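Please read it alongside the sequence and the model.

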Amino acid sequence: MKVGDLVRVINGTGYFEEGDYKYSCMWSESAGQVGIIVELATRKVFYHDSIGNQETVKILVAGEFAEFKRLALEVINESR
């Protein structure tokens, strides 16, 4: 996956930003929608006893910017 690729949202689990905070959310309307990758990112995630990094992708889908786990997306057309 890279910036400019067209992707389809497999499920509606993503993240949205409000000010300086990011929230996990369920956006069921985005499932099956096609979007374009605008940024590759890494989120810091907190587990029970450790901290890890999770690769995420920010896409423009349904007129909104949203961030999804890479596993929640499938590439349908790669940019050149």
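A search of the whole structure finds four salt bridges, a salt bridge being a side-chain nitrogen of Lys or Arg within 4 Å of a carboxyl oxygen of Asp or Glu. The model is predicted, so local features need pLDDT of at least 70 and side-chain atom pairs count only at pLDDT 80 or more, while totals for chains, interfaces and linings use all residues. Residues are numbered from 1 along each chain as its sequence is written, and side-chain values use heavy atoms, with hydrogens and water left out.

**Salt bridges**

- E78 and K2 form a salt bridge through their side chains, with an N to O distance of 3.9 Å. This pair links distant parts of the chain, 76 residues apart: E78 is in the segment after β7 (73-77) and K2 in the segment before β1 (6-9). Strands (E, at least two residues) are DSSP runs, numbered from the N terminus.
- E78 is exposed, at a relative accessible area of 56%, whereas K2 is partly exposed at 34%. Here buried means under 20% relative accessible area, exposed over 50% and partly exposed in between, computed with a 1.4 Å probe on protein chains only.
- K2 and E78 also belong, with D5, to a network of salt bridges.
- A further salt bridge joins the side chains of E74 and R8 at 3.2 Å, N to O. Because E74 lies in strand β7 and R8 in strand β1, the pair ties together parts that are 66 residues apart in sequence. E74 is partly exposed at 35% relative accessibility, and R8 is partly exposed at 31%.
- E55 and R70 form a salt bridge in which the closest N and O atoms are 3.4 Å apart. With E55 in strand β5 (residues 51-61) and R70 in the loop between β6 (64-69) and β7, this pair ties together parts that are 15 residues apart in sequence. Both count as partly exposed, E55 at 49% relative accessibility and R70 at a relative accessible area of 25%.

**Nonpolar core**

- The largest nonpolar core has ten residues: V7, V9, I37, V57, I59, V61, A66, F68, A72 and L73. Such a core is a set of buried Ala, Val, Leu, Ile, Met, Phe, Trp, Tyr and Cys residues joined through side-chain atoms within 4.5 Å.
- At least two residues of this core come from each of β1, β5 and β6, and β5 gives the most, with three residues.

**Strand pairing**

- β1 pairs with strand β4 (residues 34-46) in the antiparallel sense over three bridges; two strands pair if DSSP finds at least two bridges between them. L6 has I36 of β4 as its bridge partner.
- β1 also runs antiparallel to β7, to which four bridges join it, and V9 stands opposite L73 in β7.
- Eleven bridges connect β4 and β5 in the antiparallel sense, with I37 opposite I59 of β5.
- β5 and β6 run antiparallel and are joined by six bridges; the bridge partner of V57 in β6 is F68.
- The hairpin of β5 and β6 has two residues between the strands, and A62 takes a positive phi near 55° there.
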